[in-house]
Amino acid sequence: MMLFWKESKKTIGSLMFLLYAAALLVLYISQFVPETAALPTPPRQGEEESYGSIKKEVPEILMPAAIEGLLCEYQSESYTAYPYGFYKSVRLKEKERLEMAAILEELTGLTEAEADRFKEHGISETLSYERFKELMNRADELIGGGSNYSERYLLQNFCMIPMTYEEALAEYEETVDEKNVAESYTRLYCDYMGIGLGILPVFVCAGLWMLDKRSRMEQLIYVRKISSAKLILTRYLALFCCMMLPLIVTFAHAMYRVGRLCPEKEIFFVRAFGLAVLWLLPELMMVSASGALISELWSPFPAILLQGIWWYASVGANELTGDITKTTLLIRHNTLGAGALFQSQTADFLQNRAGYAVLALLSVVCLIVVYENKRKGGPRPKKRQTGGRIL
Amino acid sequence: MKNSDNRNQIRISHVNQFYGKKQALRDVSMVIPQGMFGLLGRNGAGKTTLMKTLAALHAKQSGEINICGVPVENVREIRGMIGYLPQEFSMYPAMTVRESLDYLGCLSGLSKKVRDERIEMLTYKVNLEEQMYTKVKKLSGGMKRRLGIAQALLHDPAVLIVDEPTAGLDPEERIRFRNLLCEVAQERIVILSTHIVGDVEAACGQIAIMNEGEVLWRGTVEELLDHARGKVFTADLESDRLAQVKAEFIVTGMVKQGNVTTVRILAETKPEIIAAEAVEPNCEDAYMYCLYQNGCENLKTDGNRGGML
């Protein structure tokens with residue numbers, strides 16, 4: 001316990017930690033706090049041009065829109081894809097182009113020469129929704145994955161339909177409902193803070209993990225009696241707990257502001273806190289563990305670089321709302337509403353977070369092994385040639 | 001299993017160590033008894049490698065090392081028995097002397113009560129009482145070295161290993177440091193690695209001379225001096241003969257007074273080309289003679305290799 005406090009003191013006293021806390025605070029104040037200025041207003045019937053849009057799997061809307069998109073890209077001979085979260089323009093080879101033409105013929109019931117008549121003709125009359133999904137899946141494979149026709153993007157790109165007043169009102173009521181209001185704001189809080197947690201902890205980790213080397217303390221610590229497992233776990237736990245502090249403070253402040261917004265309502269803080277813990281802790285665990293592991297294996301620079309690439313890919317990989325996958329590091333939900341959409345993805349959310357928590361713990365185990373190996377002198381350092389004359 | 005005969009000594013048998021293809025230790029064997037033991041050698045002789053191997057910081061490739069009855073492979077136990085002061089070290093600069101000792105005491109598994117007692121006792125012993133609450137970054141080089149000794153003794157180790165601790169210290173601080181080590185060595189094994197012959201002469205009962213990973217010589221300082229007796233000569237030379245003498249002999253000392261230079265040289269027999277007188281060897285002479293006798297290169301001041309004495 002004593003070592004935990006000493007490590008915590010060391011962490012909190014470091015410049016990197018102060019910068020980390022300041023950056024999270026800036027993110028919180030600039031992004032989240034303005035959202036808590038007032039509760040959102042209910043939709044007003046007949047007074048608004050649009051009530052927003054909603055994602056719905058309606059085959060009658062989805063199929064023609066997606067087929068038209070595919071046809072358009074086929075004719076321009078260029079397909080847009082995001083295979084690893086980054087934009088890529090794909091051009092098909094002749095063999096694949098011919099297969100794509102056959103797919104389009106089956107989807108539209110038109111030959112390549114007749115394709116311009118698609119708008120009047122519409123989709124093939126014999127095309128079932130199941131067959132449509134199979135063909136789109138094949139089209140996505142031909143493009144190389146991550147295209148607009150992949151299972152993930154189909155709904156997102158071609159199934160956003162305008163909300164009715166009733167739907168908008170229902171969503172509003174659900175958002176500000178006594179049971180849900182704290183969770184609604186927590187989702188938004190986690191969305192903003194999650195962006196920061198995807199990158200900022202690596203600076204603190206890398207800095208602290210290299211402190212021994214910079215201070216030339218490594219060998220003094222290597223020869224101590226403490227086991228590598230105890231030392232690394234204590235350091236990691238202290239680092240993790242310290243990095244939680246700014247989150248606890250900002251979350252408490254966020255809930256205080258939510259409470260002030262709805263003074264007449266009973267706010268379910270504990271549920272909201274549980275959601276924030278599930279959302280943010282695995283991300284913090286993962287970024288800290290990978291940062292420490294890579295810093296120990298190589299140096300802080302690759303740790304920061306790799307985390308930067310991962311963060312950038314994660315930020316660009318998902319839609320701002322309702323696009324939770326099992327693998328993405330950053331979970332986005334950049335809206336106060338859409339609670340039902342979030343609930344519908346609970347399984348993916350839980351699998352994602354559990355996966356990262358387990359991966360983080362595995363990284364810590366690897367870190368212990370690497371550290372113990374270093375303590376025993378392996379891998380062998382390259383010794384500098386020393387000449388040296390006595391006289 | 002501990003053997004009562006081995007409890008106060010380190011036994012090293014046929015130890016080899018490699019850095020890639022370069023062999024850093026070659027079949028090193030010796031017994032290091034309680035007290036001050038000096039490891040003498042040039043830079044790159046293998047002293048630091050041997051000490052790191054003893055401190056379980058490097059795994060040996062072959063051979064056996066037994067420290068006070070414990071095989072060096074029992075890393076956990078060895079770590080509790082060894083106090084180590086590396087050649088290049090510091091501590092967290094933002095911590096005070098007390099905080100840094102307390103932190104390292106924690107890592108050694110000492111209770112708070114024991115840490116408090118030992119920190120007080122050791123800071124008194126190394127004369128850092130007044131700097132107890134001074135940050136490490138504000139300590140002088142000598143103070144840092146003394147702090148280094150204090151941290152190495154914190155857990156009362158049976159063996160203290162110090163790697164070139166006096167390098168960069170002024171003469172007064174060096175003497176103080178040597179005396180401190182001698183005091184410490186009364187109740188444990190202290191291995192002092194250095195390339196400063198004077199430190200070994202002044203402080204160590206037993207010494208070993210290393211070169212290119214091999215132990216060239218092992219014994220007491222007196223035995224080393226005896227070994228070089230009758231091989232050291234002094235002569236007064238005109239300046240124009242100096243270059244010739246430097247080319248033909250190993251010169252261990254030169255004092256210039258006007259046009260005459262008094263040189264100390266090593267030779268197997270009394271040199272005939274100059275009027276030289278045999279003198280008592282000092283430790284530096286003996287060390288140089290040992291290196292020469294074992295075929296070490298680059299001993300002459302003009303850089304010519306080999307040649308006769």
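Domain bounds, as used here, come from an automatic or database domain assignment. In this predicted model, that assignment divides chain A into domain 1 and domain 2, whose C-alpha centres lie 38 Å apart.

**Domains of chain A**
- Domain 1 of chain A is assigned in two segments, 2-41 and 171-375.
- Domain 2 of chain A covers residues 53-162.

**Extent of the interface**
- Chain A contributes 36 residues to the contact, and chain B contributes 52 residues.

**Polar and charged links**
- There are 17 residue pairs in polar contact between chain A and chain B, counting pairs with both residues at pLDDT 80 or more.
- Three salt bridges are found across the interface of chain A and chain B.
- A salt bridge joins the side chains of Lys9(A) and Glu99(B), with an N to O distance of 3.1 Å.

**The side of chain A that touches chain B**
- At least two residues of this side come from each of helix 1 (2-12), helix 11 (211-214), helix 12 (218-222), helix 13 (228-261) and helix 17 (346-375) of chain A.
- Helix 1 of chain A supplies the largest share of this side, namely six residues.
- Sorted by class, the side of chain A that touches chain B holds 15 charged, 13 nonpolar and eight polar residues.

Terms used. Residues numbered from 1 in each chain as written. Chains lettered and ligands numbered in written order. Predicted model: local features only at pLDDT ≥ 70, side-chain atom pairs only at ≥ 80, totals over all residues. Heavy atoms only, no water. Contact = heavy atoms within 4.5 Å. Salt bridge = Lys/Arg side-chain N within 4 Å of Asp/Glu carboxyl O. Polar contact = N/O pair within 3.5 Å; in protein donor to acceptor, adjacent residues only side chain to side chain. Helix = DSSP H or I, 4+ residues; strand = E, 2+ residues; numbered from the N terminus. Nonpolar A, V, L, I, M, F, W, Y, C, P; charged D, E, K, R; others polar.
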